[in-house]
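Open the model in your viewer and keep the selection panel at hand. The stops below say what to pick and what to look for.

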Amino acid sequence: MSMPLTFESVSITFGHGASTFTAANAVDLEVRPGEMLGLVGESGSGKSTLARAAVGLEEPASGRILLGGTTISHARGAAVRERRRVQMIFQDPQSCFNPRRTIGQSLDEALVQAARREGDASASARVRRTEIDELLHAVALPAGTAARMPTQLSGGQRQRVAIARAIAARPTVVLADEITSALDVSVQGSVLNLLRDLQRELGFSVLFISHNLAVVRVVCDRVAVMRRGNLIEVGDTLQVLEQPREDYTRELIAAVPTL
Amino acid sequence: MTRTTHRLLTVFSSPIGILAVVACLALLFLAVFAPIIWGAAAAATDTDQLSRGPSAEHVFGTDGSGRDILLRTLVATRLSVVMALTATVAGVVGGVLVGLLPLIVGGRIGRWIVAAINIGVAFPSLLLAIAFSVILGQSGTAATLAIAIAMVPSYGRLTHNLAASVWGRDFVSAARVLGVPEWRSVFRHVLPNVRDPLLVNAAITAGNALLAFAGLSFLGLGIQVPEYDWGRMLNEGMTRIFVTPAAALVPGAAIILAGLTFVLLGEVLGQALTPASRGRITRRLRRLRPTSAAPADARPVDDDAVLSVRDLRVSAPGADEQWLPLVKGVSFDVGRGEIVGVVGESGSGKSVTLMAVAGLLDAPLHVEADAAHFDGAPLTLGTGARASSLDHRLGQRLAMIFQDPMSSLNPALTVGSQVAEPGLLHLGMSRAQARTAAIERLEAVRIPDAERRYSQYPHEYSGGMRQRAMIAAGLMGSPALILADEPTTALDVTVQAEILAQLRRVNEEHGTAIVLVSHDIAVITSLCTRVLVMYRGRLVEDVSTADLREGRATHPYTRALLATVPTMTTPRDQPMASIPDDADFSEGSPTAGVEVLRAADDPGLVEAFGDPDRVAEEIS
């Protein structure tokens, strides 16, 4: 179950010919089993693109992405099913749920897919309903939430449901793409505490994408810094933040506003 | 769902809605019953009365074969409408499928399909209909098919455009990441979210189909004798238009009326399905006037302050014809040259307060204030109440900077001309003077190579440079006050620091006062000397930054908010502090928030207050 997510010399480009834009340039990165790896950098540095490639929303132009021993980039057949062990939580709680479906329906979809992946066709609708209640309980939301529409929940509550949807897929790796940057700082802590608790309990690893170094410092074991598509520094969080090797990292740290 | 039903009922009970319903029912009645009731009578030929004018026996006269024109027109409703609707249904279904197909198959084949749709759209649809009608032969069925085919490209493109924008949204991505097959994602997540505009368009398309069908029949391509529809009747009547005009005019009028019915239905559906149609409710609400429960602030306005506001109230029309208070009686002063921060969560009313001061709030919002003073003169705060004489003064003395510099700059105009605009508008500068002044201001905010940059467009600027250009535009006059609404939220941290430094420089060099609104208390404290804390539409604390830093904030909400901000020294081995959803720090129950924290039993939260008992004592 615990497997590393490995980016091997991954390059991702957009456009053709002269207007080619390189979003990620030969990135080598490993998300180790059970760790929370921070990925920081400015907008346009390629952090999100890298994550999207890992779940198949973008295709690398070269290099490959592995989960354990399976290549999940350019995946076909069984590798596509394997790739479902990598799940993603998105930034914008406004748009990460279908506005016309209830929270329960959205979670149910994730459970159906997980059951199908594991060849477990026996999961009846009744069993899944119990599972939905358990998921909502796990993210500290009342069971009645299942019957509600996304617009009836606050941003923080929706992000909790987004976490529930990700863990419903029984992930090995969760990619958290700026999951609190659209939230008020007063609820940020509870969402991150939840992610951290679930990670420890369920043992998945997290690629934690953020532009907020103070948050990364608190929640991440290691941190990677990206700039203009290049991975420029990786290391233990405290080491990188207290003794950065790169000037750019130093610049990022200096820019963090203090109270 | 119930809200949509409610909206449907509201719209369909409006005059235009009733008209649409009545017209549709009439059309339906005629289509179903006219051939049964008048079918035989309409087919009867009266050889004694060929091509006669109106008479008691035949209201609109008779055609060349002595048949009653009115009855034939009524009977023809069924064929005309059924054919048009059949063609519409086939065309719309075909178009929707073709439009969704590129998303399902994806990749290169998907792009080819999109290209094919685009080529199809290049041909006028009536031309396509005629061409296919000729190819498929002269019959009603062939004409229906031809019109349906002609509809597919335009409807396909509409569907594709709508669907592609939904396809890019996160909930579709989430479904794909979960492994939901593409076709199911399309039908489960995309189609329901583009359904409304497609329905509205389908009704309007039906009107066009009716017209196209009549056109084909008129050309002799559609319905063939002995069957007849309105187009066929028009064709037959046209030859004798000067003898018996009614033979052509009556079916012509029928086509127009039926076409209007469909367009009307589309219009009403559009109103019902788009949530913007709240004008009526708002008008009724305006008469009700919001009542303010907030205690009036008795302090007079401070004439020495650059901005002084007393008891500002802003309300929005809510559900059930109730006013929803957004700002509940806020009073504050901003001294000359002072930098004041306004902090609060989303929905606390901080941005609305700022917009109200700038006079940027329009109906349906309702703005009121007991008194306000700006830069030595009274300021009228109210919805649309800004006097035109004040425009110039505000234009010169008040500058506003918004969150997203990409949307506050017009992408079609050069940055320079937009920076120069206040000079032309408010300061009576000539074009050349304004240009020189604008370049000076751009240099002042450290835009490199300002002369060349002047004639560049917003997309050629980086996010930070755009925001600096906005500051430059604000500096064109000699502003006494800059209102900045989340000016760095859309920017990267390194750029954020640079913009904050720029604002501080403006303040030091020109003595301009600044009101900075931000959700990020760290941004506020790094620039401001005084902080106003807003919570649920009220100002709960007015505290100096120094006191805030030293932990001397008194309101529990302020303290909780401060504790939730992670810094580079936050302990890593403890849960992060946060404020629970159900915490209530409202006035009247100052300890309520503490109670919630105690009940929540979250070490991170209790940490936010130190010892809850002590805080409770302190407050009471």
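Start in helix α2 of chain B: select B:G17, B:A20, B:L30 and B:A42, which are buried. Buried means that 20 or more other C-beta atoms lie within 10 Å of the residue's own; exposed means 12 or fewer, partly exposed is in between, and C-beta atoms are placed from the backbone. Helices (H or I, at least four residues) and strands (E, at least two) are DSSP runs, numbered from the N terminus.

This is a predicted model: local features need pLDDT of at least 70, side-chain atom pairs count only at pLDDT 80 or more, and totals for chains, interfaces and linings use all residues. Residues are numbered from 1 along each chain as its sequence is written, while chains are lettered from A and ligands numbered from 1 in the order in which they are written.

Stay on α2, residues 15–43 of chain B. Where does this helix kink? Centre on B:A34: the kink there is about 55°, shortly before the proline B:P35. The bend is the angle between axes fitted to the seven residues ending at a residue and the seven starting there.

Now show all of chain B. It has 25 helices and eleven strands. Of its 620 residues, 48% count as buried.

Residues 81–105 of chain B are 100% helix, with end C-alpha atoms 36 Å apart. Residues 198–221 of chain B are 88% helix, and their end C-alpha atoms lie 29 Å apart.

Move to chain A. Six strands form an open, mixed sheet in the order β6-β7-β8-β3-β9-β10. Its edge strands are β6 (86–89) and β10 (230–236) of chain A, each pairing on one side only. Strands pair if DSSP finds at least two bridges between them. Zoom in on β7 (173–177) and β8 (205–209) of chain A: they run parallel, joined by five bridges. Here A:D177 stands opposite A:I209.

Last stop: the largest nonpolar core, with 258 residues. Such a core is a set of buried Ala, Val, Leu, Ile, Met, Phe, Trp, Tyr and Cys residues joined through C-beta atoms within 7 Å. Select A:L207, A:F208, B:I147, B:F213 and B:V515, which have the most contacts inside this core. Helix α3 (69–105) of chain B gives the most to this core, with 16 residues.
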